[in-house]
Amino acid sequence: MVTNSRREAYPRPDFDRSHSWLCLNGGWEFRPDPEGEGDKAHWEQPGAAQWPQQIQVPFAWESKASGVEREWLSLGWYHRHIARSQAWEGERTILHFGAVHYHCRAWVNGQFVGEHTGGYTPFAFDITDALQDGQGELIVRVEAPLDKRAIPHGKQRSQPHDDYYECQFTASSGIWQTVWLEGRPATYIKRIQLSASASLDSIQAHIELEGALPAQTLLYIQLEGMEEECIPVEGNASLTHNLPITQPRLWTPADPFLYYVTFRLESPAGSDRVRAYTGLRKIEVQGKYLFLNGEQLYLRGALEQGYWPESGYTAPSDQALRQDVEIALKAGFNLMRKHIKLEDPLWLYWADRLGLLVWAEPPCYGRFSEEAAAIFEAQLPLMVERDYNHPSIILWGIYNEEWGLDWRSAEDHEKQEAIIRAYDLLAACDHSRPIIDDSGWNHVKTDVLDWHYYDEDNQRWRDITAALASDNTTWFGHQLGVDHWYETQLSVANQDHNGLPLLNGEYGAGRNAEERGWYFRWQTQELRRHTAISGYIYTELYDVEYELCGLYDAERRLKPLGCDPAWVNAETTFIFDFLPQRPGLDYIADGGELEFGLQLSHQGAQALAGQLTWWWGEASEQKQNQALRIEPFTITEPFVLHATMPVDDKRGTLHLQLLDEQNRVRAYAFLDVAQAQEANLEATHEPGEGLAFSEKGISQVANG
């Protein structure tokens with residue numbers, strides 16, 4: 001059992017009132033209520049219930065970290081004593097919840113203070129009048145339906161099962177994000193939306209106020225490093241103000257610079273202060289490509305699901321949220337697709353700070369109905385409201401693979417109308433980011449065309465990828481179960497999506513770490529081969545429960561992939577023009593001679609000049625060289641590379657690298673090569689038996 005909460009950081013750095021807060025994470029009392037006894041016995045009243053268990057907040061009651069570790073519990077009650085800060089006397093005391101799955105009701109000293117429905121969005125209750133001398137006995141009732149099919153729940157398991165039960169995980173029920181108290185005056189800053197101007201030389205602040213606004217109310221705004229400005233409120237609860245920047249510094253993954261803005265509201269009710277931030281950046285579609293700040297953008301992404309081994313949906317520590325961003329960047333990715341989960345705002349903060357792009361998408365439901373679709377759609381404005389200011393978010397997703405749409409949109413106009421309705425609703429809230437309507441499936445109304453395709457047949461995978469890159473009417477398949485293969489296209493009939501950016505939304509293959517690494521190398525290079533494709537999303541960054549297809553394991557340790565993923569994901573990579581043999585063997589050299597076409601994919605904004613070098617094994621003194629120059633966002637024309645294996649070698653590794661003019665390694669790849677006789681001998685072994693995998697990576701080439 002976790003005895004001390006390790007979630008102590010202020011939970012909303014993007015809307016920071018941390019000068020006036022108290023963290024309520026840690027040990028609470030808890031009582032399961034599977035039979036629903038508490039309502040009849042009025043457990044919400046002080047002294048009416050016994051509290052036999054302890055639970056660690058904010059960890060879901062299914063998780064080991066909670067200390068309860070109970071699955072398929074539909075109802076639980078929380079209890080603790082609270083006290084406001086003496087400094088807040090005369091102000092309002094607000095009880096905040098980051099997220100609670102699914103229906104929450106709360107009482108303080110027996111007085112009902114509020115309720116909320118929805119498992120992923122924040123909410124707050126004003127508990128001032130329920131406190132007694134600043135003290136309170138807090139009781140929280142949380143209902144988490146076992147049957148989740150009609151409510152947004154992402155990849156949490158349901159009873160009865162969803163249609164996609166085979167790829168769902170342990171549920172995360174109850175309080176699963178930070179709980180805290182804040183003090184603020186009765187007239188306060190309710191919401192702040194920060195937008196970069198189209199010319200990227202100013203920030204437009206939209207501020208919403210709540211409470212009485214008499215004539216003497218003033219709003220002060222200060223962009224960090226600038227003079228504070230005073231704006232008369234004049235009774236307006238909604239204000240917009242432009243903050244010009246004389247020497248703008250744009251937010252990019254390479255330079256994730258953030259602008260902090262402090263808002264101070266002075267009224268007869270008191271003083272309220274909030275610090276917010278954003279980045280100066282613009283993401284847009286221009287023809288068939290994505291552009292960030294007017295510069296073409298290539299996405300090198302992975303799927304990331306936000307699960308931890310002992311704590312489920314909740315990071316075990318504040319540092320763990322930063323670590324997940326850091327390992328993604330270390331692996332060479334520039335984007336994470338946060339999969340059907342609205343992640344903890346602290347994770348988004350670190351994405352903003354460290355320069356990781358984000359594809360954000362809401363949790364899905366399980367079975368279509370008008371009611372379920374309406375509940376799903378209702379969370380879209382809330383998603384935008386919470387996360388609008390994060391510059392790292394460059395894509396909004398809506399549906400994933402028609403989960404909740406029953407895989408019927410191709411022929412069912414009701415499902416198509418639901419997708420269009422959701423797209424229009426989200427676009428009305430925020431269309432400063434491109435929107436993907438139904439990731440991986442039949443697109444209906446979208447800004448980007450993406451597809452999901454998994455296949456261990458490299459020839460077929462290569463052919464399908466090439467076909468999709470040139471013709472968006474190409475059919476491709478999905479394995480929906482052991483005996484269920486479903487064919488689809490990029491768009492439903494009668495929708496003309498020619499000219500939109502193309503993006504692979506999911507891929508990956510292999511049954512163990514070495515095979516995963518091999519397929520990762522070769523299938524990624526096929527995506528890099530085509531100028532029509534704007535990027536890829538590999539499945540996935542790390543393992544989750546039984547889903548063992550991550551580059552890292554569930555504990556965030558890099559697996560023995562046989563390669564360094566940072567080179568596979570590098571800005572500049574090699575593309576080999578031959579079909580590889582099998583995991584552990586890339587090329588068969590007849591008579592020890594190699595001859596193949598070679599290209600380089602350079603997805604950088606600056607031209608790259610340098611030396612292509614190649615060598616065998618550790619014999620780096622015998623390198624061969626060829627001068628190269630590559631223009632920005634270019635895939636070079638193929639050229640033929642000849643190499644000869646060292647005399648008497650039956651197996652060997654050919655290393656290739658590109659050194660720039662400063663002698664820095666900009667691209668690296670390798671080929672595991674065998675003589676024909678040796679390769680035939682290996683082929684007589686059982687799959688995976690006797691194959692020698694060698695770890696290739698930065699250590700091989702660090703010294704050039």
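Modeller: A disulfide is a pair of cysteine sulfur atoms within 2.5 Å. This is a predicted model, in which local features need pLDDT of at least 70, side-chain atom pairs count only at pLDDT 80 or more, and totals for chains, interfaces and linings use all residues. Residues are numbered from 1 along each chain as its sequence is written, and side-chain values use heavy atoms, without hydrogens and water.

Biologist: How many disulfides does the structure hold?

Modeller: The structure holds zero disulfides. For Cys23, the nearest cysteine sulfur is that of Cys104, 16 Å away, and the limit is 2.5 Å, so Cys23 is in no disulfide.

Biologist: What makes Phe520 and Tyr538 an aromatic pair, and why is the pair called tilted?

Modeller: Rings of Phe, Tyr and Trp (its six-membered ring) pair if their centres lie within 6.5 Å; planes under 30 degrees apart count as stacked, over 60 as edge-to-face and the rest as tilted. By this rule there are 44 aromatic pairs. The ring centres of Phe520 and Tyr538 are 4.6 Å apart and their planes are at 50°, so the pair is tilted. Both residues, Phe520 and Tyr538, are buried.

Biologist: Which cluster includes Phe520 and Tyr538?

Modeller: Ring pairs link Phe520 and Tyr538 into a cluster with Tyr298, Phe333, Trp461, Tyr507 and Tyr536.

Methods. Buried < 20%, exposed > 50% of the residue type's maximum accessible area, 1.4 Å probe, protein only.
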